[in-house]
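Take a look at the structure, then work through the points below.

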Amino acid sequence: MDRVIFRYFPGDSLIHRFDPRIKLPGCALFCYAALQPGPRNLAITAGALLAAFLFARIPLKTLLIDFLRFVPLLTALFLAVFFSSDDGGPLVPAALAAGRFALLILAGNLLIQTTALSRISAAVRWFLTPLPRRLAGRLGTMIGLSVGLIPLFFQELEESRDALKARGLRARKQPLRWAVKLLTPLLARVFLRTEEMAEAMEGRCYSDERSSLPLKAQGIDWLFGLAVILLVLAICQT
Amino acid sequence: MKRGNLKSTVYISAFAALMVLGVFIRIPLGPVPIVMTNFFVLLAGYLLGPVSGSAAVLLYLFLGAAGLPVFSAGGGAALFLGPTGGYLAGYLPAALLTGFLADKNRRNKTWADILIFTLGALIIYLPGVLWLSHVTGLPFKASLQTGMLPFLPGDILKIAAATAVARRLKNYLPELFPPAKNGRDQ
């Protein structure tokens, strides 16, 4: 399970206990702040995120494994900006761009690692309250299901990839053959699993109108929301 | 494919999860590795139909807008306003078009599938290149050169893979993906 991404880590830290109705928009606001240009803004947002990770007490090994998956992407971004930038030396803007995207990735990971699916689903249902109850219920279910399915499918992908490697098939040498041999069995397994899941839910009389987890915002949640808003305001005013 | 509401819900969620997975399937083709997200976007429209396929795309975009790192450039609503925002928006018409045309391909011809996936892949570039040109201030021709031409070899590979995989899946799992007769969406 070490190689699985988007895993929830049960815990009782402050970050785990925050109300997801404040945590979700808080994460979106943080992402907005992280995208603001300038090394000072990058340092402030990185510091805030580091503090959040320390409070959340996520194992460092897990954090690194999750993050390493994005290193090729960050390297590609760094190189793209490095070779296209012509003002102020290419190294600084390239490092800033890669740093900003690394923060976005880490913020999203922190949200998933510290928030149970049922709580994310309940928060989404709460946000969708203006919509008809049935539609809001279905959307909440879909969001919860898809976030829950990502680690399962990822594990299937890793197993399929290992099987191809063992058979000596390399993406670099035969990309089309590799893609078809990887994706056909992967998708067949994924769809059979999806079908089983739908049948299991049907068997348990799952309905869109089921009641969701009760959420309660406390003083500390509002303080957290206020801190994120202040962070965004401080960054946007500079 | 006619499905019950619950099955539709589960399949839409599964395809949204697969689109996320697409970010982690990289194929080294040329200097920049290609990711398979739009492969799953096209496949969602093709296998689920236009309505459920585009619902899966909307769900995927919603997950990204909420801040989850599900796009190849991370996550957050701000990415929709960045240079790649048009490509993300283009996923929706791509799934719609692919699903609509797949419903029309009742004789299940291979060449028609290739055409369907090609049109679906190309329509992503329409809002993508226009938005790239708008955001970066590049002339349209230069936007085409930077935002479309380098990715065409990757798209050819994805179209070929999508055609092969979709046809094989229909053969392996005929009970799940029967040929379209009267439209597959509910």
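Predicted model: local features only at pLDDT ≥ 70, side-chain atom pairs only at ≥ 80, totals over all residues.

Residues are numbered from 1 along each chain as its sequence is written, chains are lettered from A and ligands numbered from 1 in the order in which they are written, and side-chain values use heavy atoms, leaving out hydrogens and water.

**Where two helices meet**

- Helix α9 (residues 175–203) of chain A packs with helix α2 (residues 37–48) of chain B at an angle of about 55 degrees, and their axes are 14 Å apart.
- Helices here are DSSP runs (H or I, at least four residues), numbered from the N terminus.
- Axes are lines fitted to C-alpha atoms, for helices over the stretch in contact, and angles run from 0 to 180 degrees between N-to-C directions.
- α9(A) and α2(B) are therefore oblique to each other (under 35 degrees is roughly parallel, over 145 roughly antiparallel, 65 to 115 roughly perpendicular, and the rest oblique).
- From α9(A), A:L183, A:L187 and A:F191 meet B:F39, B:F40, B:L43 and B:L47 of α2(B), where contact means heavy atoms within 4.5 Å.
- By class, this contact of α9(A) with α2(B) has 7 nonpolar, no polar and no charged residues (Ala, Val, Leu, Ile, Met, Phe, Trp, Tyr, Cys and Pro count as nonpolar, Asp, Glu, Lys and Arg as charged, and the others, Gly among them, as polar).

**A backbone angle to notice**

- Most residues other than glycine have a negative phi.
- A:R57 is not a glycine, yet has a positive phi of about 55 degrees.
- A:R57 sits in the loop between α3 (39–56) and α4 (60–68) of chain A.
- A:R57 counts as exposed at 62% relative accessibility (buried is under 20% relative accessible area, exposed over 50%, partly exposed in between, with a 1.4 Å probe and protein chains only).

**Aromatic rings**

- Over all chains, the structure holds 11 aromatic pairs (rings of Phe, Tyr and Trp, its six-membered ring, with centres within 6.5 Å; planes under 30 degrees apart are stacked, over 60 edge-to-face, the rest tilted).
- B:F39 and B:F40 form an edge-to-face pair, 5.1 Å centre to centre with 85 degrees between the planes.
- B:F39 counts as buried at 0% relative accessibility, and B:F40 is buried with a relative accessible area of 0%.
- B:Y60 and B:Y91 form a tilted pair, 6.4 Å centre to centre with 40 degrees between the planes.
- Ring pairs link B:Y60, B:F71, B:F80 and B:Y91 into a cluster.
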